[in-house]
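Good morning, and thank you for coming. I would like to present one protein structure; please look at it with me as I speak.

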Amino acid sequence: MFGSRPSGAPFRYWAGELWTDELDGDVAPQAALHVPLDGETLSRGVVWTGDAGVTASMHHDRSYNFFTQVSGKKRFLIYPPSAHWALHVNPSFHPSRRQTGMHAESFGRFVKENRNLPPLPAPIIVNVEKGDLLYIPPFYFHEVETITQSVSYSIVSPSREEFLLSSLTNLQIDFGKYVGEERKLAIVVFIDELLSTLDIPSSFLYHLMLSRYPNSSKSSTTAHLPCLVATSDERAQIGASLSHFDETIALFRRIFAENDKIFQNGKKQLVLADVVDQLVLFGGGEQGDLLRDCWTFEE
């Protein structure tokens, strides 16, 4: 959250799973807003209340979100998942990893854009007031400004995309047989094979580095990394030893193929960015070292 008051007085803001019988009649019929997943309804309600000027920073959620404005006014700035490179999503280790690194000077005006990343598309701007209902699809980025003191209520339900992402990120990809620098090379070869199998453009890793690690620069201490000096034969040898991951890569391919319709509009690359970013973190530290040191990019 961010904002400012001339008086310097603090903002009042609260969010939580609180609902009363008195409020229940303000959002009806609620049953129509609960989305089941595989026949099971796991929806929950979240109340949001705050003063004018409170702004929720740009972020994306993974659930289906039906947002009802109970009182007051808010303004939404919404971007599709395909805008994720330009929005600079925080790295996977970041405590606010679904938020973006692009902070607004004022509502809807971003500080900078990187010319080597896809341009930021025009946003969708939506104003909501008492009685309005807004649906926010999974992985759509949104920043929310409170225009007047308000109370809002969201009904969120786990999405199919959220379930599939959890399936992918929770896969046990065991690099335990490799140690030290060899493990880094094994991760590099695995990422290359995964992206090649999924027909992901060669620009993907370059955009990942620029987007999530915009301040990264070449280190002078990394020339010993085997990913820099390995011969094609050595890489092939590592690749052959990764054959036990064939089923893992095949599972990625099957999940994306079977759910192609829901992974449109940038969702597939956003999900893969999360997966690859976690592998980069595991292999090379929190500053994107593996990306900087183990791939060659041309601007």
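This is a predicted model: local features need pLDDT of at least 70, side-chain atom pairs count only at pLDDT 80 or more; totals for chains, interfaces and linings use all residues.

Strand 2 contributes the most residues to the lining of the largest pocket, namely five. Strands here are DSSP runs of E of at least two residues, helices are runs of H or I of at least four, and both are numbered from the N terminus. A pocket, on a 1 Å grid over the protein atoms alone, is an open set of points where a 1.4 Å probe fits, with protein on both sides within 12 Å along at least five of seven lines; lining residues have an atom within 4 Å of a point.

Residues are numbered from 1 along each chain as its sequence is written, and side-chain values use heavy atoms, with hydrogens and water left out.

In total, 35 residues line the largest pocket, and Trp48, His59, Asp61, Arg98 and His142 lie nearest its centre.

How many salt bridges does a search of the whole structure find? The search finds nine, each a side-chain nitrogen of Lys or Arg within 4 Å of a carboxyl oxygen of Asp or Glu. One of them joins Asp274 to Arg212, at 2.9 Å from N to O. Asp274 lies in helix 9 and Arg212 in helix 5, 62 residues apart.
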